[in-house]
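Hi,

Here is the structure I promised to pass on.

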Amino acid sequence: MSVAIALDGPAGAGKSTIAKRAAKALDYIYIDTGALYRTIGLSAMRRNIEPVESKEVSDMLSKIKVEIAFNDKMEQIVLLDGEDVSSLIRTPEVSMTASKISAIPEVRAYLLDLQRDMAKKNNVIMDGRDIGTVVLPDAKVKIFLTASPEARAERRYKELLEKGMTVSYNDVLKDVNERDYNDSHRKTAPLKPAEGCVIVDTTELDFEQSVDKIISVIKENV
Ligand code: C5P
């Protein structure tokens, strides 16, 4: 039987970098489900489709193929109709479109089996917003990773600067707050701590301390 660790939390809490490192240390496969919503967001942007519930979005879902694959370093990549879009989905525009499009129940339903299949076949640390509440409610360990909006915006801001993007801290903070609001107020699968989860707040922790904390929570509960 495979073991699943559900890791949920708001945008910019450091879930992906922390989970990647923890997965490596514990020999789990890291699955980033946000990348799937981003891929659907990118697909809508390319087709000039508004990220709202509509026939256009339904039609698009019936036509596209979203897949998870792994490169030779066992890092996740996402394929949109066979094209590796992993780096194209990391822009602020795609973030915002993903946040909006992920509120559509049909979009969430479309990605459900893909996520569950990954957890059936592998020991996974799966990162998202509704993994412990909806996707894998029977996950062995559920963690809700959070930090203050300012700390999260500061980290995201530095990350984007390092990637050479021109952004302002205030815009990033606004973006974090807007995505938090969208994620936690949507009707379907809103972002909230799952029942029985361990809440880890990384506002005062640095990266290494956050990784250690997650690894110890997993080891204590598996
Ligand atoms: O995690 P990341 O910031 O890449 O996710 C992009 C967007 O996808 C989030 O703002 C959220 O709206 C959505 N998402 C979601 N459910 C997940 C993962 C991501 O709704 N499990």
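Asparagine 48 sits in the loop between helix 2 (34–46) and helix 3 (55–63); helices (H or I, at least four residues) and strands (E, at least two) are DSSP runs, numbered from the N terminus. Bear in mind that this is a predicted model, where local features need pLDDT of at least 70, side-chain atom pairs count only at pLDDT 80 or more, and totals for chains, interfaces and linings use all residues. Residues are numbered from 1 along each chain as its sequence is written.

Asparagine 48 is not a glycine, yet its phi is positive, at about 55 degrees. It counts as exposed because 7 other C-beta atoms lie within 10 Å. The cut-offs are these: a residue is buried if 20 or more other C-beta atoms lie within 10 Å of its own, exposed if 12 or fewer, and partly exposed in between, with C-beta atoms placed from the backbone.

Aspartate 81 also has a positive phi, near 50 degrees, and is a residue other than glycine. You'll find aspartate 81 in the loop between strand 4 (76–80) and strand 5 (83–84). With 12 other C-beta atoms within 10 Å, aspartate 81 is exposed.

Those two strands belong to an open sheet of three, in the order 3-4-5 with antiparallel pairing. Two strands pair if DSSP finds at least two bridges between them. Strand 3 (66–70) and strand 5 are the edges, each pairing on one side only. Strand 3 is joined to strand 4 by five bridges, and isoleucine 68 has valine 78 of strand 4 as its bridge partner.

Now for the parallel pairings. Strand 1 (4–8) pairs with strand 6 in the parallel sense over five bridges, with alanine 6 standing opposite methionine 126. Strand 2 pairs with strand 6 in the parallel sense too, over four bridges, and there isoleucine 31 has methionine 126 as its bridge partner.

How many residues of strand 6 are buried? Five of its five. Val124, Met126 and Gly128 are buried on one side, and Ile125 and Asp127 on the other, which leaves both faces covered. In a regular strand the side chains alternate between the two faces of the sheet.

In soluble globular proteins, nonpolar side chains tend to be buried together.

Isoleucine 5 has quite a list of contacts (C-beta atoms, placed from the backbone, within 7 Å). Leaving out residues up to four places away in sequence, isoleucine 5 touches, among others, Tyr28, Val124, Ile125, Met126 and Ile218.

Next, the loop between strand 1 and helix 1 (15–26), where you'll see alanine 13 and glycine 14. Are they buried or exposed? Alanine 13 is buried because it has 26 C-beta neighbours inside 10 Å, and glycine 14 is buried with 23 other C-beta atoms within 10 Å. Not counting residues up to four places away in sequence, alanine 13 touches Leu145, Thr146, Ala147, Arg152 and Thr202, while glycine 14 is in contact with Leu145, Arg155, Thr202 and Ser210.

UniProt, in an unreviewed entry, lists both under "binding site", along with others including Gly9, Lys15 and Thr17. UniProt positions are given in the numbering used here, feature names are shortened, and annotations may be inferred rather than shown by experiment. The unreviewed entry also places "domain: Cytidylate kinase" at residues 5–219. Over that stretch the chain is 51% helix and 16% strand, with the end C-alpha atoms 11 Å apart.

Finally, the ligand. Of the 15 residues around it, Gly34, Tyr37, Ser102, Gly128 and Arg129 come nearest, where near means a C-beta atom, placed from the backbone, within 6 Å.

Cheers

Terms used: Contact = placed C-beta atoms within 7 Å.
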